[in-house]
Amino acid sequence: MDDIQRLIALQDIRALMARRVRCLDEKDWMGFADCYAEDAISYSLSANGETGVRGNRVIAEGVKKALEGVATAHNLHEPEIQLVSEDSATAIWPLNDLLSWEKEGKRYWLRGYGHYRQVYKKIGGRWLITEHRLTRLIMEHGNEAPAPMVIPNR
Amino acid sequence: MDDIQRLIALQDIRALMARRVRCLDEKDWMGFADCYAEDAISYSLSANGETGVRGNRVIAEGVKKALEGVATAHNLHEPEIQLVSEDSATAIWPLNDLLSWEKEGKRYWLRGYGHYRQVYKKIGGRWLITEHRLTRLIMEHGNEAPAPMVIPNR
Amino acid sequence: MDDIQRLIALQDIRALMARRVRCLDEKDWMGFADCYAEDAISYSLSANGETGVRGNRVIAEGVKKALEGVATAHNLHEPEIQLVSEDSATAIWPLNDLLSWEKEGKRYWLRGYGHYRQVYKKIGGRWLITEHRLTRLIMEHGNEAPAPMVIPNR
């Protein structure tokens, strides 16, 4: 890989991940599944983070169910991406996520800070996620009565 | 456009947007206006997000007025940028903003999560925003009595 | 510097900073010190932000002490990086940090929004931080009784 090829690979992996979290927050589950390799494994759906779930559609279905009725915002920060070869790479992405839902007139929220730790392969000309883990630094949560809001866009 | 030109364009659009939000948060309204094309249109100043405001100085003036006495922090996350041609592009940027102000001894705050959806043109050798929209995922707000703070820099 | 060299330098400085905040949040103090030049100066350890602390190990030791028993999450957003020459650069990075700790059964937290303003040199083939400042836009803080949490990874 020459310098330009490396820079393009880094850019493509960034764009893949930006797309993944947008699909996640906009609940575009087809688009979300499409960011993973068919036989990708995700360790972020189990309570202990150790049991893997395999298959891009199975992963998307699991995340969809876990987030039913929940509004989310996932934010990715400056990553460390390592190109291992022409068609494989790893990355650590700082990730914050906010989950927000209502239940019995109360608003519940959960805010997490941590890192995605991922492996990618280039398959058929496209970079895809093949392994996905989540490690946590800080978790916050709360609940409060919702208040009416009229907020102009900005 | 060859690969290097594409990479430079992506980088230039990133830097443009980093500058836009810094100028916004540091209330540098000349610098803020300078990030937009002269005849740019912004849909983020109206309550419904549908009515556009045209003109980079008119947009800057409108944002300035809306944020008088309000401290802000706008955070951009990993974007999806599409180069349409040598001199036009679109992007979706995940955006969080925090607004903080005091009124009658209370501190009010508003925290928003969403996406900027933008169009850019390269005019006179510089990438500039020509269209700006904001869509929202989650809004939070609150108010509380302010407390004295002495915080070391870190 | 040609275009490719500039793009690589920008990428290397991004990766340096991603590594710095990961080491900081994972309390890898050797890795943290390794992101600074040996004679680097940091202005973010003094209460006024004006008194500098010199030396990468001294800086790391000072930050380590200040954050004992404190969980942190530092998030970097889209930067403005200026390449001054082949081996020197400056940058402004939007930075949010969350600090979280417990004391006498209460959870205390501090959330800051601002900018890192830095100088880098390329020394022995590696980009390193030589000057580090922090300016603030907004500070928030609070305390509350901690609640038990069982949260699945996601």
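This is a predicted model: local features need pLDDT of at least 70, side-chain atom pairs count only at pLDDT 80 or more; totals for chains, interfaces and linings use all residues.

Q: What makes up the contact between H1(B) and H1(C), and in which hand do the helices cross?
A: H1(B) passes H1(C) in a left-handed crossing. On the side of H1(B) the contact is made by B:Ile4, B:Leu7, B:Ile8 and B:Gln11, and on the side of H1(C) by C:Asp3, C:Ile4, C:Leu7 and C:Leu10. By class, this contact has six nonpolar, one polar and one charged residues.

Q: How do you know whether H1(A) is parallel or oblique to H1(C)?
A: H1(A) and H1(C) pack at an angle of about 45°, with their axes 11 Å apart. An angle has to be under 35 degrees to count as roughly parallel, so H1(A) is described as oblique to H1(C). H1(A) passes H1(C) in a left-handed crossing, where A:Asp3, A:Ile4, A:Leu7 and A:Leu10 meet C:Ile4, C:Leu7, C:Ile8 and C:Gln11. The residues of this contact divide into six nonpolar, one polar and one charged.

Q: What does each chain give to the contact between chain C and chain A?
A: The contact takes 24 residues from chain C and 24 residues from chain A. On the side of chain C, the elements that give two or more residues are helix H1 (3-25), strand S3 (71-76) and strand S5 (88-103). H1(C) gives the most to that side, with twelve residues, and the residues of the side divide into 14 nonpolar, five polar and five charged.

Q: Which element of chain B gives the most to the side that touches chain C?
A: In this contact 24 residues of chain B touch 24 residues of chain C. H1, strand S3 (71-76) and strand S5 (88-103) of chain B each supply at least two residues of the side that touches chain C, and H1(B) gives the most, with twelve residues. By class, that side of chain B has 14 nonpolar, five polar and five charged residues.

Q: Which residues have the most contacts inside the largest nonpolar core?
A: They are A:Ile13, B:Ile13 and C:Ile13, in a core of 87 residues. Leaving aside neighbours within four places in sequence, B:Ile13 is in contact with B:Ile81, B:Ala89, B:Ala91, B:Tyr120 and B:Trp127.

Q: Why is A:Lys27 called partly exposed?
A: A:Lys27 has 15 other C-beta atoms within 10 Å. A residue is buried at 20 or more such atoms and exposed at 12 or fewer, so with its count of 15, A:Lys27 is partly exposed. A:Lys27 is found in the loop between helix H1 (3-25) and helix H2 (29-33) of chain A, and has a positive phi of about 55° although it is not a glycine.

Definitions and conventions
Residues are numbered from 1 along each chain as its sequence is written. Chains are lettered from A and ligands numbered from 1 in the order in which they are written. Two residues are in contact if their C-beta atoms, placed from the backbone, lie within 7 Å. Helices (H or I, at least four residues) and strands (E, at least two) are DSSP runs, numbered from the N terminus. Ala, Val, Leu, Ile, Met, Phe, Trp, Tyr, Cys and Pro count as nonpolar, Asp, Glu, Lys and Arg as charged, and the others, Gly among them, as polar. A nonpolar core is a set of buried Ala, Val, Leu, Ile, Met, Phe, Trp, Tyr and Cys residues joined through C-beta atoms within 7 Å. A crossing is left-handed if the near helix is turned anticlockwise from the far one by less than a right angle, and right-handed if clockwise. Axes are lines fitted to C-alpha atoms, for helices over the stretch in contact, and angles run from 0 to 180 degrees between N-to-C directions. Angles under 35 degrees count as roughly parallel, over 145 as roughly antiparallel, 65 to 115 as roughly perpendicular and the rest as oblique.
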